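Trainee: I'm new to this one, and I'd like to know where the labels come from. Can we go through them together?

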Amino acid sequence: MKEELKIRCVMSKDSLPITGGEQALYALVDIKTGGGASFGSMPANLGLVLDRSGSMDGEKMDNLKEAAGYVADHLSDKDLVSVTIFDDQVESLIPNQPAKNREDIKSKLARVIPRGGTQISDGLRTGMAEVKKGYSKDRVNRVLLLTDGQTWDDEDACLKLADEAGKQGIAITSIGIGEEWNEKLLLQIAERSHGDSHWIQNPISILDVFRQEVEGMQSVAAVNLRVTARLSQGVKPVKVYSTIPMITDVSKKAVSGQSVVADLGSLDGKKGQAVLIEARVPSQKAGKFRLGMVEVTYDVPSQGIKGKSIKADLFVNFTPDAAAAAKVNAEVMNLAEKVSAFKLQTRALSEAEAGNIAAATQKLQAAATVLLNMGEDELAKAAEREILSLKKTGVLSPAGTKKLEYGTRKLTQALTEAIK
């Protein structure tokens, strides 16, 4: 009988030299559907939380209404939907209900008029309350939050709501339009709730992102996905990165002593999930060495499956053969390079924010070099432009910051056929 999911564990090197000291090693844990069940049949419980502040007037609002109409048309009668609109006030435009009342939903959306300021936490709180009304472990529970502005002094409240959503299994996809919104906040909201995040530069792309999210919900193969790695004595986990749908450093919550426990939310049956574990391995005698064991647990509510697990062992060979020890796995090292570019830009932005211009410039230059080596010329040029901005003004540009933040986090999109 086939498993619902399958895991593939690949080391950055199959063999390590006998050196007498610790060595760095990456382990890729790749999770895909195994063909053992009919996936994509879980009904959705979707809450749209939409900014209708004054700055959304014109092309933004026109495209947003079209995209929300697309969502209404492409959800099934079994799905639940709600629409919350916010500025500095909040309105439950469409309370949580079956998605079959499509024309009514689109009619109410058509009458929305932009006004007021931006207060994200109030909109998110009300939108989450609507999703909770229809919450079920047998549904894909998700919030799509879209805004084009800065929220007013309520970032902490937004993050608490994201933490709450993550614990309850409600993923938040955060979407920013233009250049005037807080990318750090929206990325943290997505990360803390096990969701995704998008930057839309042109309002016409709102429809593409909403289409991608609907298709992703309809492709969910499993929920409550958790990766646990129990490493052998002396093997030290250093960093852990979730790499799909975007590169995210989950080390703070995942690493504890010799173990790694990473909660990944849901599994898109088309894209799968992948985790990259960076570890330090102690020197060993020649021969095969067991690094540890990886276990993936998951639920498939549509099949009545709860707490199912699959396991795989991690091995590396210690050898005196220098040629064998020098060989690397191109797939894993390519992913490690993408993670390296993400790490460098993240550190550069932190240094710039702290006023450490020299350190920020150095890390941005290193990121540009990595990006060039990967053939990511456009992102490398963006890093070079921000280096000039730092030298001239001492600060990074809003557009450049967003391009680097989202560009490096989404470097795995080519692997998952996501929309650029």
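This is a predicted model: local features need pLDDT of at least 70, side-chain atom pairs count only at pLDDT 80 or more; totals for chains, interfaces and linings use all residues.

Trainee: What makes the span of α11 close to the expected one?

Mentor: Helix α11 covers residues 377-393, which is 17 residues. The expected span is 1.5 Å times one less than the number of residues, and for α11 that comes to 24 Å. From first C-alpha to last, α11 reaches 24 Å, so the label follows from setting that value against the rule.

Trainee: And which residues of α11 are called buried?

Mentor: They're Leu379, Ala380, Ala382, Ala383, Glu386, Ile387, Ser389 and Leu390. To count as buried, a residue needs under 20% relative accessible area. The cover over them includes α9 (330-353), α10 (357-373) and α12 (398-409). Just after α11, Gly394 takes a positive phi of about 85°.

Trainee: Why is β15 described as largely enclosed?

Mentor: Strand β15 (residues 273-281) has 9 residues and 8 of them are buried, so the rest of the structure largely encloses this strand.

Trainee: How do you know which strands pair with β15?

Mentor: Count bridges: two strands pair if there are at least two between them. Strand β3 (residues 23-33) has 9 with β15, in the antiparallel sense, and Ile31 has Gln273 of β15 as its bridge partner. Strand β11 (residues 236-242) has 6 with β15, also antiparallel. There, Pro237 stands opposite Ala279.

Trainee: What makes β2 and β13 edge strands?

Mentor: First, the sheet: 6 strands in the order β2-β17-β16-β10-β14-β13, open and with mixed pairing. β2 (15-17) and β13 (255-256) each pair on one side only, and that is what puts them at the edges.

Trainee: How many bridges does β13 have with β14?

Mentor: It has 2, in the antiparallel sense, with strand β14 (residues 259-268). The cut-off is at least two bridges, so β13 and β14 count as paired. In that pairing, Val255 stands opposite Val260 in β14.

How values were computed: Residues are numbered from 1 along each chain as its sequence is written. Side-chain values use heavy atoms; hydrogens and water are left out. Helices (H or I, at least four residues) and strands (E, at least two) are DSSP runs, numbered from the N terminus. Buried means under 20% relative accessible area, exposed over 50%, partly exposed in between (1.4 Å probe, protein chains only). Contact means heavy atoms within 4.5 Å.
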